[in-house]
Amino acid sequence: METAPLLSVEGVTLRYRTKDYLVTATYRVSFQLYRSDRFVVLGPSGCGKSTLLKAVGGYIQPTEGRIRLNSAEVMGPGPDRVFVFQEFDQLLPWKTVKENIVFALTASGKLPRPQAEERATHYIAKVNLTEFALSYPHTLSGGMKQRVAIARAMAMEPQILLMDEPFAALDALTRTKMQEELLQLWDETKFTVLFVTHSIPEAIRVGNRILLMSSHPGQVRAELNSSSADAARIHEILFSEEGTRNR
Amino acid sequence: MLERPEIFHEVSTARLDVVEKPLSAWEKLYDNGAFRKSALLVILAAVWELYARWLGNPLLVPTFSATVGALFASIASGALPQAAVYTISMLLKGYIAGLVIAALLTAFATGTRIGADLLETLTAMFNPLPSIALLPLALVWFGLGAGSVIFVLIHAVLWAVALNTFAGFRSVSPTWKMVGQNYGLSRTGYIARILIPGAFPSILTGLKVGWAFAWRTLIAAELVFGVSSGSGGLGWFIFERKNQLLIADVFAGLLTVVLFGLLVENLIFKTIENRTVRRWGMQV
């Protein structure tokens with residue numbers, strides 16, 4: 001593993017405004033991501049983990065602290081950090097599976113069209129959807145849509161994949177299957193991923209390193225290696241006050 | 001607790017009579033929307049024919065067959081095609097001009113907050129105002145001619161299209177917006193590749209409503225002042241024939257108006273719909 005972190009989040013405080021309140025979503029969160037990490041941010045609802053991911057994506061600017069990718073500060077959304085959202089509607093319904101991927105590659109100016117089509121075909125095969133390449137998204141199941149979204153993100157070959165609870169809206173069986181597939185894909189390409197979830201088993205399965213966050217506002221409770229983590233211990237750290245003191 | 005055995009079954013379809021069975025010819029035919037609608041049209045024509053014969057007064061209601069006869073006669077004489085071509089060319093000019101202005105206004109509204117306020121205020125003011133009510137004023141401004149008609153047509157098209165398009169833009173899923181930003185689309189690329197296709201169901205509705213408004217307004221305008229620079233449209237055709245008490249011809253003119261409406265709705269807009277929003281699953 002390299003010594004310089006790929007992504008470093010340094011004391012990041014995120015605030016957003018609602019109609020009546022100024023809400024602090026996260027407070028002075030710091031962590032570092034290295035190349036080929038499967039870094040999971042785990043916390044209960046309302047711990048600001050999705051907001052944090054959006055900040056890394058460049059959609060929100062931190063009010064305090066810095067987010068740096070390869071030591072350059074993140075200023076806005078860009079194709080070097082590709083998002084996989086939770087929502088099934090992240091695919092553009094007016095494009096076929098293949099066109100969705102080609103669109104990503106050409107719109108970002110990453111590849112000219114012929115090469116983009118080649119790469120799209122390659123990644124569609126990787127997620128086992130070759131026979132659906134020319135289908136429109138609305139004809140696919142939820143799991144298939146998420147696989148297309150993952151293929152699209154991976155085809156971009158970004159510095160980091162940002163996954164915002166990508167399997168949360170799936171049924172339990174599909175979810176487990178998708179987690180396995182993601183790990184297989186990781187074995188093949190060793191991509192770097194920042195993965196947000198509220199499921200403890202998912203965090204342990206998917207991640208190699210787990211950041212535990214408390215809620216209101218989100219603060220870092222712990223950063224664990226998933227090899228040494230078990231569900232009971234994580235639960236204790238997350239939900240008991242004693243957990244913080246005794247860990 | 002009661003000790004129960006585990007149960008296993010062999011799955012078999014041996015005694016199931018239907019797994020997949022082709023539908024009968026009649027079922028298939030009845031599933032066809034074009035067939036159902038054509039059948040309805042035939043029934044309506046028959047009702048019309050029967051009523052007119054029973055009434056027996058061709059000055060009030062000519063029969064369907066007499067109307068069709070008058071239609072063919074007017075087509076053969078060239079009067080009706082000329083009127084129709086004139087009306088449609090006028091309509092297209094006004095429609096397209098309206099669309100262009102609507103596009104500009106919507107682009108301005110999408111780009112800036114004050115533009116959005118402007119569009120909302122203008123549509124709230126002018127959308128309820130019937131275009132035909134502006135015709136007297138248009139005649140004063142632009143004189144008796146194409147200018148006045150195109151002015152009222154633009155008014156008829158503009159607000160419906162702008163309102164629907166803008167509403168469509170606003171309802172575009174925030175996830176698509178984020179996807180667009182994620183892949184680094186430029187401002188124009190974002191409008192062309194995310195906003196317009198994303199809002200296409202609403203845009204299409206706007207186009208349809210705008211078309212219908214324009215069509216009505218034009219016929220009404222032609223009825224009011226008919227001849228301009230030596231040629232009249234369908235409205236004038238209807239008005240003139242009424243003055244000559246050629247009621248079957250009046251019906252033929254009305255029928256032409258209806259037929260064009262059906263044609264545009266069922267061929268042009270239906271085709272666009274089938275190739276876009278239906279194929280994309282954005283509309284069932």
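Predicted model: local features only at pLDDT ≥ 70, side-chain atom pairs only at ≥ 80, totals over all residues.
Colleague: Let's begin with chain A: which strands are the edge strands of the open sheet of six strands?
Modeller: Happy to start there. The strand order of this open sheet is β6-β7-β8-β3-β9-β10 in chain A, and the pairing is mixed. From one strand to the next, the twist averages 20°. An edge strand pairs on one side only, and in chain A that applies to β6 (81-84) and β10 (219-225).

Colleague: Which residue in β8(A) is the bridge partner of Leu161(A)?
Modeller: Look at strand β7 of chain A, residues 160-164, and strand β8 of chain A, residues 193-197. The two pair in the parallel sense over four bridges. In β8(A), the partner of Leu161(A) is Val193(A).

Colleague: A helix lies across β6 and β7 of chain A; at what angle does it run to β6(A)?
Modeller: The helix to find is α4 of chain A, residues 142-155. For α4 of chain A against β6(A), the value is about 180°.

Colleague: Now the sheet of four strands: how many bridges pair β1(A) with β2(A)?
Modeller: This open sheet has the order β2-β1-β4-β5 in chain A, with antiparallel pairing. β1(A) and β2(A) form a hairpin, with four residues between them. Within that pair, Ser8(A) stands opposite Gln32(A) in β2(A). The antiparallel pairing of β1(A) and β2(A) runs over eight bridges.

Colleague: How far apart do the C-alpha centres of domain 1 and domain 2 of chain A lie?
Modeller: The domain assignment gives domain 1 as 1-80 + 159-247 and domain 2 as 91-157. Between them, 16 residues of domain 1 of chain A are in contact with twelve residues of domain 2 of chain A. The C-alpha centres of these two domains lie apart by 25 Å.

Colleague: Over to the pockets: which element gives the largest share of the lining of the largest pocket?
Modeller: The largest pocket has a volume of about 620 Å³, and 22 residues line it. Lys37(B), Leu41(B), Val258(B), Leu259(B) and Leu262(B) are the lining residues that lie nearest its centre. Two or more lining residues come from each of α2 (33-55), α3 (64-77) and α12 (247-275) of chain B. The largest share, ten residues, is from α2(B).

Colleague: By class, how many charged residues does the lining of the largest pocket have?
Modeller: The lining of the largest pocket includes 15 nonpolar residues and three polar ones. Lys37(B), one of the residues nearest the centre, counts as charged by its residue type. The number of charged residues in this lining is four.

Colleague: What about the second largest pocket: which element supplies the largest share of its lining?
Modeller: The second largest pocket has a volume of about 220 Å³ and a lining of 14 residues, with Ala102(B), Ala103(B), Thr106(B), Thr165(B) and Ile196(B) nearest its centre. By class, this lining has twelve nonpolar, two polar and no charged residues. At least two lining residues each come from α4 (79-111), α7 (146-170), α9 (187-198) and α10 (200-225) of chain B. The largest share, six residues, comes from α4(B).

Key:
Residues numbered from 1 in each chain as written. Chains lettered and ligands numbered in written order. Heavy atoms only, no water. Pairing = 2+ DSSP bridges. Axes fitted to C-alpha atoms, helices over the stretch in contact; angles between N-to-C directions. Contact = heavy atoms within 4.5 Å. 1 Å grid on protein atoms, 1.4 Å probe; cavity = no way out; pocket = protein on both sides within 12 Å on 5 of 7 lines; lining within 4 Å. Points joined across faces, edges and corners; volume = space filled by probe spheres on them. Domains from an automatic or database assignment.
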